[in-house]
Amino acid sequence: MMRRIGVLTSGGDAPGMNAAIRAVVRGSTAYGVEVIGIRHGYAGLISGDFVPLGPRDVANTIQRGGTVLLSARSLDFYTPAGRAQAAANAHAAGIEGLVAIGGDGTYQGAWRLWEEHQIPVICAPGTIDNDLCGTDETIGFDTAVNVATEAIDRIRDTAASHERVFFIEVMGRHTGFIALAVGIAGGAEVIALPERVPQPEQVARTIRDAQARGKLSAIVVVAEGAFPGGAQALMQAVHPLLGVKSWVTILGHIQRGGSPTAKDRVLASRLGTAAVEALLDGKAGLAVGVVNHQIHFTPLEIAACSCKLIDPHLVTLAQVLAL
Ligand code: ATP
């Protein structure tokens with residue numbers, strides 16, 4: 001039976017990471033297991049930046065965005081020497097298992113730590129991008145989608161009042177999960193995804209068709225990686241073909257901050273606790289997720305492969321509902 005486990009957050013912060021840390025701490029306490037918080041992600045594992053965490057230490061954190069353990073990107077952890085130092089520190093601190101919360105890079109680092117040094121690791125998906133396999137949704141995705149949808153609702157008021165076209169850039173360098181969800185929820189006329197690189201002529205035609213059907217304004221949701229130069233460049237390419245006043249809003253980091261939605265808090269609570277139970281069960285080298293409402297485990301090397309695909313039915317649905 002493990003007596004002490006570590007928990008860290010790594011890569012980009014995501015709302016709900018604190019709820020996951022809290023679940024790891026309190027889930028462990030319920031089994032009589034101690035928790036060591038590792039600050040600054042893998043960088044803190046290499047420098048030995050450890051802090052004991054008891055149930056009271058995570059009080060009043062479930063509703064807070066960001067991560068109380070702080071996050072970082074660590075170049076040293078890419079090197080075998082850096083990972084060896086991290087493993088040595090973990091052994092010296094009596095850390096017998098690790099929960100790493102983050103995105104695909106975090107998963108890859110965790111997998112190497114397990115492969116090379118046999119430190120049992122379970123990863124939980126903490127990223128707003130929803131681009132990890134082995135889970136229907138990642139911690140932070142729902143919050144990001146809700147924040148961006150609310151912003152679009154506000155922008156639409158201006159777009160409708162002044163009969164304008166708005167290009168709204170949301171996060172998503174490599175995948176369009178946020179853009180697709182936000183586009184459907186916000187009733188966008190056009191959704192530009194990295195998976196379906198938009199042609200300016202096509203975007204202009206879609207907007208002109210919408211105008212011909214009586215629409216006075218249009219919202220174009222653009223994932224940041226959908227077009228070289230993002231929403232600004234796409235607007236500049238489309239504008240001459242349209243002749244209607246067009247505006248650009250880049251939502252940026254407001255999508256990543258703020259209080260997590262109830263859905264993200266519940267997801268993080270389930271995944272944090274399940275990660276602890278998996279370690280105590282002798283599982284390792286796995287990512288925990290929720291698939292079809294059930295807790296699900298996937299080998300880290302598969303979960304980190306960035307092979308999750310957007311649902312083509314949702315792309316069609318968005319087009320149909322923009323009529
Ligand atoms: P996000 O999706 O929000 O960007 P992420 O977890 O993918 O989060 P990264 O910066 O890619 O963020 O990875 C976090 C850290 O994980 C890196 O700074 C590095 O320390 C470690 N890491 C990433 N990839 C590897 C790898 N191939 N080998 C070893 N460590 C890695």
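Before I turn to the pockets, a word on terms: when I speak of a helix, I mean a DSSP run of H or I with at least four residues, numbered from the N terminus, and when I speak of a lining residue, I mean one that has an atom within 4 Å of a pocket point. Please keep in mind throughout that what we are looking at is a predicted model.

Let me take the second largest pocket to begin with, where the volume comes to about 460 Å³. Its lining is made up of 21 residues, and those nearest the centre are Glu189, Val190, Ile191, Thr206 and Gln319. Three elements each contribute two or more residues to this lining, namely β7 (190-192), α7 (200-212) and α11 (312-321). Which of the elements gives the largest share? That is α7, with four residues. Sorted by class, the lining of this second largest pocket holds 13 nonpolar residues, along with four polar and four charged ones.

In terms of domains, at least three lining residues come from domain 1 (4-140 + 260-303), and at least three from domain 2 (142-256). As for the classes, the lining of the largest pocket counts 16 polar and 11 charged residues, with seven nonpolar ones.

Conventions:
Residues numbered from 1 in each chain as written. Predicted model: local features only at pLDDT ≥ 70, side-chain atom pairs only at ≥ 80, totals over all residues. Heavy atoms only, no water. Nonpolar A, V, L, I, M, F, W, Y, C, P; charged D, E, K, R; others polar. Domains from an automatic or database assignment. 1 Å grid on protein atoms, 1.4 Å probe; cavity = no way out; pocket = protein on both sides within 12 Å on 5 of 7 lines; lining within 4 Å. Points joined across faces, edges and corners; volume = space filled by probe spheres on them.
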